[in-house]
Amino acid sequence: MSEEFDVVPPEAIREGRATDAYFDRTMEALDHAGKNPDVVAEVTANQFATGTWKLLAGLKDAAGLLAGRAIDVDALPEGQLFDGGPVMRIEGPYQEFCRLETALLGFLSHPTGVATRALETRHAAPDSTVLSFGSRHVHPSLGAMIERSALLGGLDGFSNVAAGDVLGREAGGTMPHALVICFGRGHQEAAWRAFDEAVPEETPRIALTDTYSDEVDEALRAAAAVEDLDGVRLDTTGSRRGDFRYIAREVRWTLDAHGHEDVDVFLSGGLGPEQLRNLRDVADGFGVGSYVSNADPLDFSLDIVEVDDEPAAKRGKLTGKKSVYRTADGGHHVGLAGREGPADAESLMEPLLRDGELVREFDLDAAIERAAADAEAVGFASENREAE
Ligand SMILES: O=P(O)(O)OC[C@H]1O[C@H](OP(=O)(O)OP(=O)(O)O)[C@H](O)[C@@H]1O
């Protein structure tokens, strides 16, 4: 048995080996015919606006893949919302990037799906702490992508430790049921105290209080057992849940009644935007997993739209190099490049590579800020509420 995991290595991705085989055949056929036309190709999910905003993510890795090839690339900035039209444009000899299409689309499609779900989640509870707990649901090689996309969408933190190493940020979390169970039924205090004594001072003391018995009872016991307890987490199993909002309210009420107003209440387990809107006034924070991590990838495709300066495309696709604009009223407009755009509109495509050289810096914090500001500009939150 091989000791290697079944993971395509980064070098294979960079070399263009992580490709659909038909691109290898295409290269052979083009070489055989002595053809390598200058093309313009665009990455697009929907050609026309659909009324559904998406949040562009994955651009840093996409740029890293395309760097070093004799091509010019323009793209929307990472953290930009878009609704129809291209997010990236590649110009150059087709053979320079033919075999990279598969990995390029993957680098953009999956993070964009995850980041968009994170943004929806963020807007469902704008004033709460929301952490990404979902890396357990996906292949471990995707951990950093999941957590980076979750941050881009506005979540406050994440749980995957190795992703933290990749992103240069520290993972966070509370405690699992396994810790409490290791100390045995009836000995929850021992688990909470061991945690308090063992973890670094800066780690928030948040006790999991749903393992063996009633949440209200365990929350009070945790508050009594751990001096300066920061919070309790309820992850009540679905079959025992009844009304999670009532359970959270009762826990909050009882903690307050016993003088523990400063102990926060965190909730987790199967939560998404709908649940967060229902729970945000009775809890201080949430752990959200599958709703974000299990997002469907957005269906991006790469299409040639010009060959040797002439409009071209397969039928059903719009020919010609395009420009993308944010209009003054927060709308998204797509038009042919070189034509006049709407009055007072901001053109969104920016240079990414020039002759293979990276000409843009990637700053995750700046992208997070852009996503938040653009969501505001396009009315993402109110649109989301209308969709309820
Ligand atoms: O339901 P999701 O939104 O995907 O949330 C991710 C996980 O976080 C919670 O687990 P917890 O940390 O309590 O794990 P444990 O039961 O293994 O201790 C929850 O029960 C989920 O398993």
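In this predicted model, Leu208 has a relative accessibility of 0% and therefore counts as buried, the cut-off being under 20%. The residue belongs to strand β8, which spans residues 206-208. Leaving aside residues up to four places away in sequence, Leu208 touches Met175, Pro176, His177 and Val180, together with Trp192, Glu218, Arg233 and Asp235. A look along the chain gives a sense of scale: Thr19 is 189 residues from Leu208, and the C-alpha atoms of the two are separated by 45 Å.

Several of these neighbours lead on to the ligand. His177 and Asp235, both touched by Leu208, are among the closest of the 13 residues that surround the ligand, a group of closest residues that also includes His137, Gly270 and Ser290. Polar atoms of the protein approach oxygen atoms of the ligand at several points. A polar side-chain atom of His137 lies 2.6 Å from a ligand oxygen, while a polar backbone atom of Ser290 is 2.7 Å from an oxygen atom of the ligand. Arg233, another contact of Leu208, has a side-chain N or O atom 3.0 Å from an oxygen atom of the ligand. On its own the ligand has 490 Å² of accessible area, and the protein covers 76% of this. The space that the ligand takes is the second largest pocket.

With a relative accessibility of 1%, Gln188 falls under the 20% cut-off and so counts as buried. The side chain of Gln188 makes a polar contact of 2.8 Å with the side chain of Glu218, a residue that Leu208 also touches. A polar atom of the Gln188 side chain also lies 3.1 Å from the backbone nitrogen of Gly186. Beyond the residues up to four places away in sequence, Gln188 touches Val180, Tyr212, Ser213, Glu218 and Arg221. Val180 is likewise touched by Leu208.

Phe195 lies in helix α8 as well. Its relative accessible area is 12%, which is under 20%, so Phe195 is buried. Again not counting residues up to four places away in sequence, Phe195 touches Thr174, Met175 and Leu179, as well as Thr203, Pro204 and Arg205. Met175 also features among the contacts of Leu208. Phe195 and Ala207 stand twelve residues apart in sequence, with 8.7 Å between their C-alpha atoms; Ala207 falls within the 206-208 range of strand β8.

Conventions:
Residues numbered from 1 in each chain as written. Predicted model: local features only at pLDDT ≥ 70, side-chain atom pairs only at ≥ 80, totals over all residues. Heavy atoms only, no water. Buried < 20%, exposed > 50% of the residue type's maximum accessible area, 1.4 Å probe, protein only. Polar contact = N/O pair within 3.5 Å; in protein donor to acceptor, adjacent residues only side chain to side chain. Contact = heavy atoms within 4.5 Å. Near = heavy atom within 4 Å. Areas by Shrake-Rupley, 256 points an atom, 1.4 Å probe, with all protein chains shown as cover. 1 Å grid on protein atoms, 1.4 Å probe; cavity = no way out; pocket = protein on both sides within 12 Å on 5 of 7 lines; lining within 4 Å. Sits in = over half its atoms within 2 Å of the grid points. Helix = DSSP H or I, 4+ residues; strand = E, 2+ residues; numbered from the N terminus.
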